[in-house]
Amino acid sequence: MRLRLTPWLSIALLCAPAWFTPATAQAQDDGVSIFDGKTLNGWDGNPEFWRVEDGTITGQTTAEKPTKGNTFIIWRGGEVGDFELTLDYKLVGGNSGIQYRSFEVPNEKWVIGGYQADFEAGDTYSGINYGERFRGILANRGQKTIVKKGADGKVQVEVVGSVGDTKEIQSKIKKEDWNSYRITAKGYTFEHRINGVLTSVCTDEHPDRRATGVLALQLHAGPPMKVQFKNIKLKKLDAAKTSAVGKKQILLLAGRKSHGFGAHDHTAGCHLLANLLNASGLPVEAKVHELEQAGWPSQADLEAANTIVIYSDGGGGHPFNPHLDQLKTLTDKGTGIVCIHYGVEVPQGPSGEAFLGWTGGYFEPNWSVNPHWVASYQKFPAHAVANGVKPFKTNDEWYYHMRFRENMEGVTPILTDLPPKESLSRPDGPHSGNPAVREAIAKGESQHMAWARQRPDGGRGFGCSGGHVHWNWGNDQFRKLILNAIVWTSGADVPADGVNAGKVSVDDLLQNHDEPIPADFNKARIEAMLQEWNALAAR
């Protein structure tokens, strides 16, 4: 924000991703309630500064407990594009605001940047549009502006009209009492209203404008202050009417047949996921490209994709290895990457470094291992990929001891468990064991089998080491998690209760196989196994 000594709190509507177990939303004509009035479920912030008090989200600093920098409590219900947000706020001291279509600052937890609907205890800034860590003041109170890129390359804010007198607008705002705020974002025009009075209008024509982003509440560093929020309701507008965001394009790359029927069934798995995504009711469109039949996809298909999913064999034969430069051009523009099972393994060197950048981690031979074991996932982070996912177990070839970015920078573990010592019963080898992994398990160090990364370029990556056993796609929770991850990496919103994972039967799992169904296939055994696994999550 502008340089001020007074503290302030802002709410940010963030792109990202997201880390929480969302609160149950209650639909109303004016939107969906995203705060339950009782808990901070669905919100992610520093508990030293945020709490629920008298049915409000309350942020407070004191002389004894200041915050060193601006800190946010983030709504983890997904991204917003075109929307209306309404809430009531009360501010005692300092200043605050509402960030929307915003981004999480890399390597700084609970720090947000993006468009901000401002309010304060003073008389100047309430109702303005401010770019927190994002180009400064975009519209002062009473102004109608257009934001452009000037001939010198700098941000140019042109005042093109007035929406009222700033002093008259200020007279409608109550000090240290409750006020209402409404933000409307349609396309790239943003309107702010306080107590029903239009305070500013900004149209962003700058090439770096933001079409989507995340939501959070911010607490500003400085002298003691207290801000409270209640009646927080979000109404997403019809993208077809506002033309802000179209369907996100998802390209699933299915690798060649491998391992025999019932394992590494890349074609069947990709078609199942694509069908579920297209039936989810979300603004996404998924299609499958079969690498064995059609070769590497065209440049046009790759460029059209918001996210690329690779479900294939990996290692030295990973389909990405010969195309690193082409993929880097896409990821530099924000294209998402999802790697499933063997698709997370590439050689050290250029491929490994690329994966560390794209998804945050990979299977490194002579460091990672690939045993079969029963993993039990009981806790999940507050992240959009985990939305609606309940505790579950599966018996799979869960690779672990992955090579991650140093200090897990920008990486959020999604699936974590402690593998049994028996999973290292094989002799040391490129995939079976090594001194480092044996020491880690002996020390009781939990391992991460799925992870997500929000990249500085705005793109997102996800890796999951499970997916060897084809029938595990019938596990409702595992399937929901992967669908969530694909939607999240595409830049679309993940619903608070997760993507609709549908009902998948064994007959569904038998579709689109690239190998014949064996004569002795025991359908009843698979049905019983899935019933057992899904019953565990239902308890």
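Conventions. I number residues from 1 along each chain as its sequence is written, and side-chain values use heavy atoms, with hydrogens and water left out. As the model is predicted, local features need pLDDT of at least 70 and side-chain atom pairs count only at pLDDT 80 or more, whereas totals for chains, interfaces and linings use all residues.

Strand β30. I took helices (H or I, at least four residues) and strands (E, at least two) as DSSP runs, numbered from the N terminus. I looked up β30, residues 460–464, and found five of its five residues buried (under 20% relative accessible area, 1.4 Å probe, protein chains only). Arg-460, Phe-462 and Cys-464 point one way from the strand, Gly-461 and Gly-463 the other. Counting strands as paired if DSSP finds at least two bridges between them, I noted that β23 (residues 336–340) runs parallel to β30 over four bridges, with Ile-340 bridged to Cys-464. Strand β29 (residues 447–454) pairs with β30 in the antiparallel sense over five bridges, and Gln-454 has Arg-460 as its bridge partner. In the hairpin of β29 and β30, with five residues between the strands, Gly-458 takes a positive phi near 95°.

Thr-489. I placed this residue in helix α9, residues 476–490, and it counts as buried because its relative accessibility is 3%.

Note on methods: Buried means under 20% relative accessible area, exposed over 50%, partly exposed in between (1.4 Å probe, protein chains only).
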